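I opened this notebook to record what I looked up, beginning with the ligand and moving on to the strands.

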Amino acid sequence: MPASALHTRLGLENDWMIRARIVGTGQYLPERILTNHDLEQMMDTSDEWIQQRTGIRQRHVAEPGQGSSDLGAPAAAEALEHAGVDPAEVDLVICCTTTPDYLFPATACLIQERIGARNAGAYDVSAACSGFVYGLATADAFIRSGVHKTVVVVGAEVLSNRLNWKRRDTAVLFGDGAGAVVVRGEEGEQGVRNVHLGSDGGAADILVMPTGGSVQPYEQHPLESEERVAIDMRGKELFRKAVMAFAVATEKALAAGELTIGDVDLFIPHQANTRIIYTAADRLGLDHDKVYVNIARVGNTTAASIPLALDDARKEGRLTPGANVLLAAFGAGLTWASALIRW
Ligand code: ACO
């Protein structure tokens, strides 16, 4: 790949640069599995409808009292072990989540303590399903600027206790889980090449968790009320926006890296829905065999979805050295994000 015009003028080649390289991945899924057939017993839905409209066959569900940090900590520990990195070397822990254990402290602080990253700072990133790519972009910026050398980025979610289990329009979509990566500053061609972050707060009302924040605290809703926990989602609108967001995010990252869609070896999208993923892939002109999909097994795990998929892809041998790997996500906000990585 050619060096940028400025680097060339200064006589610098790209491979002198420090890049943020993913050197370890890990995951954790709660033991309990809820299949579509289980859901048939709980609400007016069918395995056939769910599979046809979303591609989901089952999802994992946390136990009562199990928080996002309980899932995120073992995922981060596995990523550190895979990387062969001592937790004491970690400079920063970022937890990307829409379902923090508490309003404060940050879930990242709880994970930091559990994994023994005693020299690290820690904070949460909230960008819904785009959260992990936002977190990775933050790690990339800290590493390339020389501020930090080793960053752990975790996506962890316990959505199950924020769902209204009487509402089939949303309850069938989501799952609990966590994925994590260890990102390190290294010289050379491997690592994050480009990131793109976007948002449109004008479309915030398409996907909202209205209760539990400062505008509608829980006290306003009686314990048994339907509104107490319920995601508000305009599914069809979101579907259209999501397909567009994938296209924009992908094209921006590729253009910044002076690559075309033909150069992509593996596309790892946010696992929201197979129809959205394959519609976006078709628009981009991407072969389906280059698209990584694991939604059937885990459902939509929001901020955990991409790091979970990355870890699955790694364990299946799909991430080969030198491969161009493209991550893309969209979610509430609305937000969208992409990252182009030379593996
Ligand atoms: N089981 C059976 N029937 C259902 C279910 C269900 N779980 N949910 C809805 N239906 C019914 C509806 O009531 C409707 O019935 P009707 O025709 O008698 O009125 C029919 O199915 C069609 O409903 P639609 O909402 O029009 O179905 P659609 O084809 O749009 O699929 C879906 C719904 C899957 C939610 C789709 O709109 C979608 O995927 N949207 C994007 C949602 C998404 O990805 N959300 C999360 C991403 S953002 C993030 O990750 C945070």
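Which backbone N or O atom lies 3.0 Å from a nitrogen atom of the ligand? I looked this up first, keeping in mind that the model is predicted, and found that the atom belongs to Gly235.

**Entry 1, the ligand.** I then went through two further polar pairs, both of which involve an oxygen atom of the ligand: a polar side-chain atom of Arg168 lies 2.8 Å from such an atom, and an N or O atom in the side chain of Trp49 is 3.2 Å from one. For the area, I noted that the ligand taken alone exposes 1000 Å², of which the protein buries 73%. I counted 23 residues around the ligand, the closest being Thr45, Arg53, Cys129, Lys236 and Asn273. Sorting the shell by helix, I found that α3 (47–54), α7 (168–171), α8 (235–256) and α9 (274–284) each supply at least two residues, and that the largest share, 4 residues, comes from α8.

**Entry 2, the sheet.** Next I traced an open sheet of 4 strands, whose order is β8-β13-β12-β11 and whose pairing is mixed. I put β8 (191–199) and β11 (266–269) at the edges, because each has a single partner strand, so that one side of each is left without a neighbour in the sheet. I also noted that neighbouring strands of this sheet are turned by 15 degrees against each other on average, direction ignored.

Last, I located Ser130 in the loop between β5 (121–125) and α6 (131–144). I recorded Ser130 as buried because its relative accessibility is 0%, the cut-off for that word being under 20%. Leaving aside neighbours within four places in sequence, I found Ser130 in contact with Ala329, Phe330, Gly331, Thr335, Trp336 and Ala337.

Conventions. Residues numbered from 1 in each chain as written. Predicted model: local features only at pLDDT ≥ 70, side-chain atom pairs only at ≥ 80, totals over all residues. Heavy atoms only, no water. Buried < 20%, exposed > 50% of the residue type's maximum accessible area, 1.4 Å probe, protein only. Contact = heavy atoms within 4.5 Å. Pairing = 2+ DSSP bridges. Axes fitted to C-alpha atoms, helices over the stretch in contact; angles between N-to-C directions. Near = heavy atom within 4 Å. Polar contact = N/O pair within 3.5 Å; in protein donor to acceptor, adjacent residues only side chain to side chain. Areas by Shrake-Rupley, 256 points an atom, 1.4 Å probe, with all protein chains shown as cover.
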